[in-house]
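Have the sequence and the model side by side while reading.

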Amino acid sequence: VQKEPEFSHCRSLTEDFFSSQLIFEKEGVYLHINAKRSIQETSIPGFIRIVERAGQPALEWSPLEDDGRSAPAVLYSKKDGEGGEEDTNFDPGYEPDWAVISTVKKDREHAPMKDSGQWAFSLPLSELYSLRRARFSLGRNFMVLTSRGGHPLPPLHFHRGGTRELLRALHRYIVLDQSPVDGRLFLVYPRDSSSADFGPSFDKLHILDDGSDIVTRFIHDPYATTFGGFSKVTNFFRAALRPPDAAVSRSSQNPGLPSQPDDEPGFELITCGVELGPRPEVTRGRALVQWEEFLDSEGRVNDPEKVKDLVFRGGIAPNLRKEVWKFLLGFYPWKSTSKEREEILRVKTDEYFRMKVQWKSVSEEQEMRNSLLRGYRSLIERDVNRTDRNNTFFSGNDNPGLTLLHDVLMTYCMYNFDLGYVQGMSDLLAPILFVTQNEVESFWCLTGFMDLVHQNFEESQEAMKQQLLQLSILLKALDPELCDFLDSQDSGSLCFCFRWLLIWFKREFSFEDILTLWEVLWTRLPCDNFHLLIACSILESQRGELIGSDHDFNTILKHINELTMKLDLQTVLLDAEAIYRQLVGCKDLPRQVKQVLGLCGPPSPAEESSDSQSSESERLLGQAEGGAASSHVPSYP
């Protein structure tokens with residue numbers, strides 16, 4: 001295809017229109033022309049099409065009002081200095097973190113913002129470099145197309161679905177391959193004999209529909225994704241969690257492709273060069289069975305730390321959980337009096353029902369125009385029907401427990417609309433609702449729990465990646481041999497622990513055990529990251545099964561997931577506390593391990609600079625000694 005030298009490969013929709021062959025068409029695809037700033041018109045409804053012109057396929061979008069017949073193309077500058085005056089202040093209207101258009105030709109007279117025809121485009125598939133899934137506002141997912149010249153087009157939102165159908169139609173022309181360092185980015189390659197067998201099928205990619213890419217589907221639906229598709233989980237973790245320097249990117253193999261920023265940090269692994277000493281023996285205590293003795297005459301808790309210690313050592317007697325959990329989860333302050341708690345309950349009850357009325361009063365007609373709320377309701381209704389149905393509180397049809405579960409989750413969407421509802425949150429609420437058996441109290445206890453774990457459900461996954469990194473640091477210090485084995489099987493990222501950390505082992509232990517485990521973790525004793533020590537305890541208990549076996553990445557993931565309901569909670573808790581004491585008792589414990597355990601804060605800038613200089617000196621010294629570096633044990637600040 002002959003291309004204009006001063007422009008990127010976007011052509012007018014009017015060119016050869018009547019000689020073209022329509023391959024695919026979908027209405028209800030909105031082009032967002034200003035996703036960053038709020039102005040009167042930020043989106044334009046239109047059609048997305050795949051059209052063949054002279055045998056060359058192109059992906060086109062045109063506004064609904066023009067029906068694709070008279071809309072000029074969006075013309076982007078290909079290179080600076082190729083004729084014409086450049087306007088470097090051009091603002092595409094959406095976040096430059098996702099895509100940046102550096103320049104646009106100024107000699108073209110731009111139509112006003114409301115002239116939607118100026119945004120129509122046609123991009124030959126041979127010039128399509130990547131598809132990126134992005135999120136700009138209100139949790140809506142967008143698709144951003146980028147040409148091989150590095151120029152992104154304005155984001156597209158499929159208000160009525162249809163991305164699967166589009167991708168299936170594209171499948172005959174191109175192959176998508178998920179970037180090894182960016183789970184939202186999918187690189188495009190032509191479909192020919194040399195590329196026929198790399199890259200998963202479009203059905204498996206799920207870029208936008210039904211929870212979007214594998215990353216988001218795993219976070220939003222941990223049980224279905226984990227139990228139902230090990231290969232998909234495996235593919236996701238191989239791509240998203242391996243260190244970037246271990247991945248072979250397509251662009252490195254093909255210098256003709258534009259390079260992608262390597263903005264995902266790898267997982268730093270350490271080698272503990274110190275002796276930890278023997279692991280001490282610990283014992284568990286009895287459950288908290290007396291509550292009144294900790295209250296003064298006005299109802300204040302005299303010694304909150306003593307209560308937490310007793311809960312950590314032995315849990316809480318079932319008849320006391322309803323009261324004590326409200327303190328552990330922040331519904332009641334520890335120093336509040338009985339009268340103050342009565343007032344708190346009154347205020348919180350009013351606040352809860354005000355939020356509940358917000359979604360209860362939305363008419364069907366209004367909800368039809370609120371896709372986000374409609375989506376939350378759909379997810380909640382689906383999850384409610386499959387959450388802990390073996391428990392008598394939630395079993396059977398028309399169970400009032402199911403109604404409470406639904407209503408509390410819907411109200412949480414009003415409380416935290418930015419996060420809304422994410423699959424897995426019903427797992428967190430069910431035990432709380434079972435214990436409190438009260439709609440208002442369970443809601444406010446859920447908000448307290450979510451304050452601890454809400455980052456687990458955020459789309460960026462940064463909190464989950466950080467926890468997996470911290471877990472790898474702990475395990476490397478505790479059992480380097482086990483870590484070496486997992487590394488040798490491409491499992492050093494510990495991705496198979498993802499579900500454990502996501503919903504705090506909810507699927508690994510029985511319902512009754514989870515009540516005990518969570519109240520132990522809510523004490524935040526002996527450190528905030530005690531759940532990571534729980535994970536270490538479980539992994540060490542499986543070292544005999546793993547080391548020396550013929551397990552590979554897939555079978556390790558399968559083995560770990562099959563541990564569900566086979567673990568003894570009391571043994572796991574004993575081992576986790578013993579691990580903590582062993583690490584704390586080490587005089588030369590690496591700083592990274594101390595930071596995970598909360599024994600020291602992050603290094604100051606001066607310390608980081610000193611550490612960097614020290615590491616560089618040691619590296620140069622090792623090189624000067626001619627090979628001694630190979631046996632060098634890394635030092636720690």
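A residue is called buried at under 20% relative accessible area, exposed at over 50%, and partly exposed in between (1.4 Å probe, protein chains only). The model is predicted, so local features need pLDDT of at least 70 and side-chain atom pairs count only at pLDDT 80 or more, while totals for chains, interfaces and linings use all residues. Residues are numbered from 1 along each chain as its sequence is written, and side-chain values use heavy atoms, leaving out hydrogens and water.

A salt bridge is a side-chain nitrogen of Lys or Arg within 4 Å of a carboxyl oxygen of Asp or Glu. The whole structure holds 31 salt bridges.

| Pair | Closest N and O atoms |
|---|---|
| Arg321 and Glu519 | 3.0 Å |
| Lys348 and Glu351 | 4.0 Å |

Arg499 is buried, with a relative accessible area of 2%, and Glu508 is buried at 1%. Arg321 is also buried, at 4%, as is Glu519, at 0%. By contrast, Lys348 is partly exposed at 24%, and Glu351 is partly exposed at 25%.

Turning to the cores, a nonpolar core is a set of buried Ala, Val, Leu, Ile, Met, Phe, Trp, Tyr and Cys residues joined through side-chain atoms within 4.5 Å. The largest has 115 residues, and among those touching the most other members are Trp291 and Phe457. A second, separate core of 29 residues includes Ile44, Leu59, Phe121 and Ile174.
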